[in-house]
Amino acid sequence: MVLSDFGLARAGDTRGGAVLNAGTPSYMAPEQITNQWRSFGPWTDLYAVGVLAWTLATGRPHYEGSVTEILEQHLDGVLPAFSPHSSMPTALFDWINAMMAVKPFNRFERAADAAWALSRIPSQPSTAEHTGDQKDSTEAANPKVRPDDP
């Protein structure tokens with residue numbers, strides 16, 4: 001499978017005028033929502049991959065509500081209970097949580113880093129359910145933090 005685009009568009013006046021960000025609200029990273037364009041990078045797309053992994057694992061979106069409510073939930077970063085529709089390794093939640101960290105510097109720097117961490121997750125399934133309130137928990141997945149970020 002090749003994933004080529006997450007549908008984010010950025011248009012605006014290149015002379016310092018208004019800039020419009022548009023995208024699919026359920027998949028937008030917090031830095032996209034707040035238009036912190038200097039924080040955009042591969043980790044921004046990895047956020048959307050984390051959202052996709054959540055949806056595939058649970059069979060439902062991670063945040064629900066109006067567009068405004070969904071965007072606010074992305075900024076808050078509190079994930080609902082992780083209830084996969086079939087048995088999965090417990091560490092998968094930790095990996096997804098790292099992919100969906102609110103702060104960009106708490107996510108994986110490159111797709112290769114995320115893929116390596118995913119390959120290290122034991123394949124033994126677990127039926128454990130995780131509760132929410134897992135803001136920026138990166139301990140299990142241990143993404144590389146970029147030294148230039150605060």
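Trainee: How many helices and strands does the protein have?

Mentor: There are five helices and two strands. Starting at the N terminus, the order is β-β-α-α-α-α-α. Keep in mind that the model is predicted.

Trainee: What share of the 150 residues is buried?

Mentor: Buried residues account for 36%. The accessible surface of the protein is about 8,600 Å², and carbon and sulfur atoms hold 54% of that.

Trainee: And the contacts, what percentage join residues at least 24 apart?

Mentor: Counting contacts between residues at least 6 apart in sequence, 67% do.

Trainee: Next topic, the largest nonpolar core. Which residues touch the most other members?

Mentor: The core has 23 residues, and W54, F82, L92, W95, I96, M100 and F108 touch the most other members. Two or more residues come from each of α2 (42–58), α4 (91–99) and α5 (111–119).

Trainee: Why would nonpolar side chains be buried together?

Mentor: In soluble globular proteins they tend to be, as a general matter.

Trainee: Take M100, then. What is it in contact with, leaving aside neighbours within four places in sequence?

Mentor: M100 is in contact with Y47, G50, V51, W54, H62 and L79. Of these, Y47, G50, V51 and W54 are buried residues in α2.

Trainee: How far does α2 reach?

Mentor: From its first C-alpha to its last, α2 reaches 25 Å. It has 17 residues, and the span is close to the 24 Å expected at 1.5 Å a residue. After α2 comes G59, with a positive phi near 80°.

Trainee: Which residues in α2 are buried, and what covers them?

Mentor: The buried ones are W43, T44, L46, Y47, A48, G50, V51, A53, W54, A57 and T58. Their cover includes α1 (30–33), α3 (67–76), α4 and α5.

Trainee: How do the axes of α2 and α4 cross?

Mentor: They come within 7 Å and cross at roughly 145°. The crossing of α2 past α4 is left-handed.

Trainee: Which residues meet there, between α2 and α4?

Mentor: On the α2 side they are L46, Y47, V49, G50, A53, W54 and A57. In α4 they meet L92, F93, W95, I96 and M99. W54, L92, W95 and I96 are also among the core residues that touch the most other members.

Trainee: One more, T44 in helix α2. Why does T44 count as buried?

Mentor: Its relative accessible area is 4%, and buried means under 20%, so T44 qualifies. Not counting residues up to four places away in sequence, T44 touches A29, E31, Q32, S39 and R107.

Key. Residues are numbered from 1 along each chain as its sequence is written. This is a predicted model: local features need pLDDT of at least 70, side-chain atom pairs count only at pLDDT 80 or more; totals for chains, interfaces and linings use all residues. Side-chain values use heavy atoms; hydrogens and water are left out. A nonpolar core is a set of buried Ala, Val, Leu, Ile, Met, Phe, Trp, Tyr and Cys residues joined through side-chain atoms within 4.5 Å. Buried means under 20% relative accessible area, exposed over 50%, partly exposed in between (1.4 Å probe, protein chains only). Helices (H or I, at least four residues) and strands (E, at least two) are DSSP runs, numbered from the N terminus. Contact means heavy atoms within 4.5 Å. The expected span of a helix is 1.5 Å times one less than its number of residues. Accessible areas come from the Shrake-Rupley method with a 1.4 Å probe; for residues, only the protein chains shown count as cover. Axes are lines fitted to C-alpha atoms, for helices over the stretch in contact, and angles run from 0 to 180 degrees between N-to-C directions. A crossing is left-handed if the near helix is turned anticlockwise from the far one by less than a right angle, and right-handed if clockwise.
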